[in-house]
Amino acid sequence: MQKKLKVFLIIATPGFYILHFLGCWKYYYSINGYDKLVHFFAGASVALVVYWFLQSKKIRVNKQLISLIVLFFISLCWEIYEYLIDHVISPYLILTPRQMSPMDTLTDVLANFAGAIFILILLYLKEKKRG
């Protein structure tokens, strides 16, 4: 499992930087749903990494629940970061707003959780199949 986690992180980390850069450059505002797609994949990835980490350490906890709690904390921190950028730093710099509305924040968090729940269901089904 450790090898899978390392390979995933080596591939996913630069991939997310590229997706985010492309989004900031143009796509968040020109491609409808791009932002939600990025949040979906980010949520799935965070849940997957936390799940694999807990599994590799053989920690006997509800891995799915812990994955969702960690994702909630990361989502909360990210949305606070976006709020601070928009309302504290942006007035002094020329920056494109990161949050369009409270509804954007809510749908970002929901997209994170949709991705996490999707990947956790797949992992559950895989474990159940294995027996």
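**Tyr28 and its surroundings**

Modeller: Leaving aside neighbours within four places in sequence, Tyr28 is in contact (heavy atoms within 4.5 Å) with Leu19, His20, Gly23, Tyr34, Asp35 and Val38. This is a predicted model, in which local features need pLDDT of at least 70 and side-chain atom pairs count only at pLDDT 80 or more, while totals for chains, interfaces and linings use all residues. Residues are numbered from 1 along each chain as its sequence is written, and side-chain values use heavy atoms, with hydrogens and water left out.

Tyr28 belongs to helix H1; helices (H or I, at least four residues) and strands (E, at least two) are DSSP runs, numbered from the N terminus. Tyr28 counts as buried because its relative accessibility is 18%, where buried means under 20% relative accessible area, exposed over 50%, and partly exposed in between (1.4 Å probe, protein chains only). Its C-alpha atom is separated by 16 Å from that of Ile85, a residue 57 places away along the chain.

Not counting residues up to four places away in sequence, Asp35 touches Tyr28, Asp104 and Asp108.

Further along, Ala47 also has its place in helix H2. Its relative accessibility is 0%, so Ala47 counts as buried. With neighbours within four places set aside, Ala47 is in contact with Ser67, Ala116, Ile119 and Leu120. Ala47 and Trp25 are 22 residues apart in sequence, and their C-alpha atoms are 27 Å apart in space. As for helix H2 as an element, its 23 residues reach 33 Å from the first C-alpha to the last, close to the 33 Å expected at 1.5 Å a residue; the expected span is 1.5 Å times one less than the number of residues. Just after H2, Lys58 takes a positive phi of about 55°.

Helix H3 itself covers residues 63-89, and its 27 residues should span 39 Å at 1.5 Å a residue; the end C-alpha atoms are 37 Å apart, which agrees. The N-terminal end of H3 is capped by Asn62, whose side-chain oxygen lies 3.2 Å from the backbone nitrogen of Gln64. A polar contact is a pair of N or O atoms within 3.5 Å, where within protein one must be able to donate a hydrogen and the other to accept it, and residues adjacent in sequence count only if both atoms are side-chain atoms.

The setting of these residues is a protein chain with four helices and zero strands, running α-α-α-α from the N terminus on. Taken along the principal axes, its C-alpha atoms fill a box of roughly 55 × 25 × 25 Å. Of the 131 residues in the chain, 31% are buried. Among contacts between residues at least 6 apart in sequence, 68% join residues at least 24 apart.
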